[in-house]
Amino acid sequence: MTDERRTVLVTGGAGFIGSHAARAFLDRGYAVTVLDSLVSGARENVPAGATFVQGDIRDEDALARACRGAYGVVHLAALVSVPESVQHPEETLDVNVRGTSLVFEAALRAGCKRVVYASSAAVYGDEPSLPKREDSPLRPQSPYAESKVENERLAERLAARGLSSLGLRFFNVYGPGQRADHAYASVIPQFVARAKRGEVLSVSGDGAQTRDFVHVRDVADALVRALESSTTGVCNIASGTETSVAALAALIQERYPVAVEHGPARAGDILHSVADIEHAKELLAWTPRTAFSDGLAELLA
Ligand SMILES: NC(=O)c1ccc[n+]([C@@H]2O[C@H](COP(=O)([O-])OP(=O)(O)OC[C@H]3O[C@@H](n4cnc5c(N)ncnc54)[C@H](O)[C@@H]3O)[C@@H](O)[C@H]2O)c1
C-alpha cells in the first residue's frame, strides 16, 4: 500500500522545538522525516511514527535522501547558543549559513513546494523600538544573530527561483523538553531545574529585563500553519507580552520557596524584548493559546 500522506522533512527534529513540531505534523496527518546530527538533540526526542535519519545538514547526500518526495521542509537545525557563536563564530556560520543554504538548495532540487525556517528575535538586537515589528530595523549583535539575518537573505533569493518560503522569528520559546543541563541554558529551564533542587535562583542585574516567552506547542502550531500557508517573507512568533526575569523568579517562588540572589548584569544583555504579533494573527490565523502562568505551572508540576 502506498503512503498517500504529504511528507514533511523536519531538520533539527530531535531538538527542543523540532521534536514538538514533528509531533504536531504527525498529529495533523503528515508523514514526517527527521534529519538531525544529534549535536544537541537526542534520538529519544523524535516522536514515534517519524522516520529518523541521523546526519548533518552539511552532508549533501544525506540531505538529498531526506528531501526525496517531501512536500515541504521545516528547517530548524542550527547551532543555537549565542555565547558559543561569539567564541566559535566559524562553526556557527558554517552550520547556520552554509548548512541552511544547502538545505534550501536540496529542497529546490527535490521539487519541494514550501520551506519554513527558523529565524530569531535576535535579528532585532539592541535596536530600542518596541514592540518589534517585522519592519523594525535589524541590529544583530552576535554571529548567531548575523547567521539568522543571512538566512533571511538566502530565503529571499529562493523566491526568484520558484520556491516559496517563510521565516519565523521566534522570541523566547519555552516548554517541556527544553534542556537545562548545559552552560548556556535559557532562563526558564535553568530556574525551574534549580527551584526543583531547592537551589537559589541567580538573577542577573535587577531582573527588570523583560522577555517575550512563547510556549513551544504554540510554536509547533505556528510551524504547521506556516507550512500550509502561502505567506512569504518573515513573521514574528511570540506571545506579544513582556515578562520580567524578576517576575518569573517570583512566580517560581510561589511554587518553590527558594531564595533569589542578584548578580551583576550581563554585558550586552538586551534590556527589553516584546513582539508585535499582528502579522502572524492576520496571515497565519495564528494566536498563542497557552497563558504564561499555565505553561510555567506545567513545568513546575
Ligand atoms: N529556543 C528558542 O527560544 C529559539 C528562539 C529563536 C530561534 N530559535 C531557532 O529555532 C531552531 C530550533 O532551536 P531549539 O531551541 O529547538 O534548539 P535545539 O538545539 O534543541 O535544536 C536544534 C537541533 O538541530 C540539530 N543540529 C544542529 N546542528 C546540526 C547539523 N549541522 N545538522 C543536523 N542537525 C543539527 C541539533 O542536534 C538539535 O537537535 C533553531 O534554528 C534556533 O536558532 C530558537
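By class, the shell around the ligand comprises 15 nonpolar, 9 polar and 3 charged residues. Here Ala, Val, Leu, Ile, Met, Phe, Trp, Tyr, Cys and Pro count as nonpolar, Asp, Glu, Lys and Arg as charged, and the others, Gly among them, as polar. The model is predicted: local features need pLDDT of at least 70, side-chain atom pairs count only at pLDDT 80 or more, and totals for chains, interfaces and linings use all residues. Residues are numbered from 1 along each chain as its sequence is written.

Of the 27 residues around the ligand, G12, G15, G41, A78 and A118 come nearest; a residue is near a molecule if its C-beta atom, placed from the backbone, lies within 6 Å of it.

Helices (H or I, at least four residues) and strands (E, at least two) are DSSP runs, numbered from the N terminus. The most is given by α1, with 3 residues.

Helix α2 (residues 60-67) packs against α4 at an angle of about 45°, their axes being 9 Å apart. Axes are lines fitted to C-alpha atoms, for helices over the stretch in contact, and angles run from 0 to 180 degrees between N-to-C directions. In α2, E60, L63, A64 and C67 meet L102, V103, A106 and A107 of α4, where contact requires C-beta atoms, placed from the backbone, within 7 Å. By class, this contact has 7 nonpolar, no polar and 1 charged residues.

Methods. Contact = placed C-beta atoms within 7 Å.
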